[in-house]
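Please read it alongside the sequence and the structure.

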Amino acid sequence: MTLLSVDSLSVSLRGREIFRDVSFDIAPGELVGLIGPNGAGKTTLMRAALGLIGAAGQSSLAALSATDRARQAAWMPQAREIAWPVTVEALVALGRLPHGGGGPADHAAIVAAIERMALTELQQRTATRLSGGEQARALIARALAQETPLLMADEPTAGLDPAHQISTMEVFADLAAAGQGVLLSLHDLGLAARHCTRLLLLAEGRLLADGPPEAVLTPDLLARAFHITAHHAQTPDGPVFQPLSVIR
Amino acid sequence: MTRLFVVLATLVILLALAALMVGPADAGVAASLRALLGEGGPLVLVMQEIRLPRMMLGLMIGASLGLSGAALQGYLRNPLAEPGLIGISSSAALGAVIAIQTGLAAAFALALPLMALAFALLAVVILLALSGTRRGDTLTLILAGIAISATSGALTQLVLNLSPNPFATSEIVFWLMGSLADRSMTHVALAAPFMGLGFLLMAGLGRSLDALTLGEDAAESMGVNLSRLRLRVVIGTACVVGAGTAVAGAIGFIGLVVPHLLRPFTGHRPGPLLWASALGGAAMLLAADVAVRVTLPDRDLKLGVLTALVGAPFFLHLIWRNRRARA
């Protein structure tokens, strides 16, 4: 059983090819990190997989109706838009729109998502007046409240302090452990190495590597995709990854 | 939320009754209501043919302006949007002005609203052709609206400029100020189907507009069809504003101020703001129409003048309060 199946997906925007023939599946229990240098097309790949932009090839999500897709996958875009000064609770409650909203199950999902992102104290505060990191957590809670089998987030940890980066990754890991699937685009390779069960490396207009972190974060692939060297070690506290220098 | 509904609905009912009671034919409340139901000689005519259509138009146009203002602000995620933004009211006004200038309106009473409706329709066709139904492209919609407004405004001024007849000119100027005076049930019947269609299109947009709080991408991923949403907002606004302008002239500020005023009471959520603004718009226009009749009963103070006169300083006050709250 797969939650998302992408087959030979290719996207060209304004005559420029972003990537071609990308194929991967995401199964329940996986926490997949999508990594790649700036401009590799990580956001485009996720949006094409969702069917938000046109693409050649197949994606199981893009084939669904809009309503079914909203119950299958939650999507947290990179742009953290909150257009109106609603409360955190009202913001999180928006995640229940695809399910109807307003029922007891909806209420339970909202409360659970708020607790999970440690927002209980902030829930009556105005979302637009929160700090950037707090807004990011509120928006993640919105996506969690959608209670979909698959969760997709674009740079969910950007702008969070270290404690919240780690606890957010742990929330995603818990979701995966409970049988959901998670696909995140990440720039922090250290977080990717420690928390993801699998990494997709998007570079050179294609999927350069797909596998467990130790198989993807190799010196060769890092040099090719990111032009960096790195220290990567297994320690008693888990894997440690630190980028070291730029290869010129 | 229920309390807000009860308060606004009560206000609308009271103001609607007040709108029925106020007028030069000074009749008591009981006599007026009896006359409305058809007993009481000449007062029956006053109530049924003059005050009832005036009240109904106030109710319908006010609700239209409030609803479409809230829908546009929610769709564009911009509290400065107002129904006039997309150019429908100015092009409807142009149609009416041409009807007055050419004498069509004098020859055939319904020529004016019909011409206004035709021009509103033309404007919406141009608007959709220019801005299309492409998702995410709100800027093109706004720019197309501004271009249509500017063109219609310039053509209206050209008609005034070249008008050889000072009577037609003053009639045009007064008509442009907006009024509910001397309207009949025919006007109600003419506007009602368009407004009904507009309400049907826009009343159910609450959830989509709520979802849009998170931006277009997130909203679309939650099942919102952005192209359909855009069409419903644009055509819905065109229907209600085109019909409103056709029968009452251009009445400004209500579509801008009412959603702004009521937004805090709905928790800033654009969905519930739709019905709240519809009720609030109806209340504000009815209040304004009662006010023009009470303050200067002999001078025929124009409704659009009053709404702008009261609305603009009030808006300034809101901005001032907002600024202090933010500081």
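Helix α5 (residues 132-145) of chain A has 14 residues and spans 20 Å from its first C-alpha to its last, close to the 20 Å expected at 1.5 Å a residue (the expected span is 1.5 Å times one less than the number of residues). Helices (H or I, at least four residues) and strands (E, at least two) are DSSP runs, numbered from the N terminus. The model is predicted: local features need pLDDT of at least 70, side-chain atom pairs count only at pLDDT 80 or more, and totals for chains, interfaces and linings use all residues. Residues are numbered from 1 along each chain as its sequence is written, and chains are lettered from A and ligands numbered from 1 in the order in which they are written.

- Of the 14 residues of α5(A), 11 are buried (20 or more other C-beta atoms within 10 Å of the residue's own; exposed means 12 or fewer, partly exposed in between; C-beta atoms are placed from the backbone).
- Among the buried residues are A:Glu134, A:Arg137 and A:Arg142, as well as A:Ala141.
- The buried residues of α5(A) pack against β5 (73-76), α3 (88-93), α4 (104-116), β6 (150-154) and α6 (162-177) of chain A; contact means C-beta atoms, placed from the backbone, within 7 Å.
- Just after α5(A), A:Glu147 has a positive phi of about 45°.

**Six-stranded sheet of chain A**

- The strand order of this open sheet is β5-β6-β7-β3-β8-β9 in chain A, with mixed pairing; two strands pair if DSSP finds at least two bridges between them.
- β5 and β9 of chain A are the edge strands with a single partner strand each, so one side of each has no neighbour in the sheet.
- On average, neighbouring strands here are turned by 15° against each other, direction ignored; axes are lines fitted to C-alpha atoms, for helices over the stretch in contact, and angles run from 0 to 180 degrees between N-to-C directions.
- Strand β8 (residues 198-203) of chain A has five of its six residues buried.
- Four bridges link β8(A) in the parallel sense to strand β3 (residues 31-35) of chain A; A:Gly33 has A:Leu199 as bridge partner, and A:Leu34 has A:Leu200.
- On the pairing with strand β9 (residues 206-211) of chain A, β8(A) is antiparallel over five bridges, and A:Leu201 stands opposite A:Ala209.
- The hairpin of β8(A) and β9(A) has two residues between the strands, and A:Glu204 there takes a positive phi near 55°.
- α6(A) lies across β3, β6 and β7 (181-185) of chain A, at about 150° to β7(A).

**Three-stranded sheet of chain A**

- This open sheet has the order β2-β1-β4 in chain A and antiparallel pairing; its edge strands are β2 (16-26) and β4 (56-59), each paired on one side only.
- Strand β1 (residues 4-13) of chain A is joined to β4(A) by three bridges, with A:Val6 partnered by A:Ser59.
- Helix α1 (residues 42-50) of chain A packs on the sheet, touching β1, β2 and β4 of chain A, and its direction makes about 120° with that of β1(A).

**Chain contact and nonpolar core**

- Chain A gives 20 residues to the contact and chain B 19 residues.
- On the chain A side, helix α2 (residues 66-72) gives the most, with three residues.
- The largest nonpolar core has 182 residues (buried Ala, Val, Leu, Ile, Met, Phe, Trp, Tyr and Cys joined through C-beta atoms within 7 Å).
- Helix α14 (residues 270-295) of chain B gives the most to this core, with 15 residues.
- A:Ala141 and B:Ala96 are among the residues with the most contacts inside the core.

Definitions and conventions
Contact = placed C-beta atoms within 7 Å.
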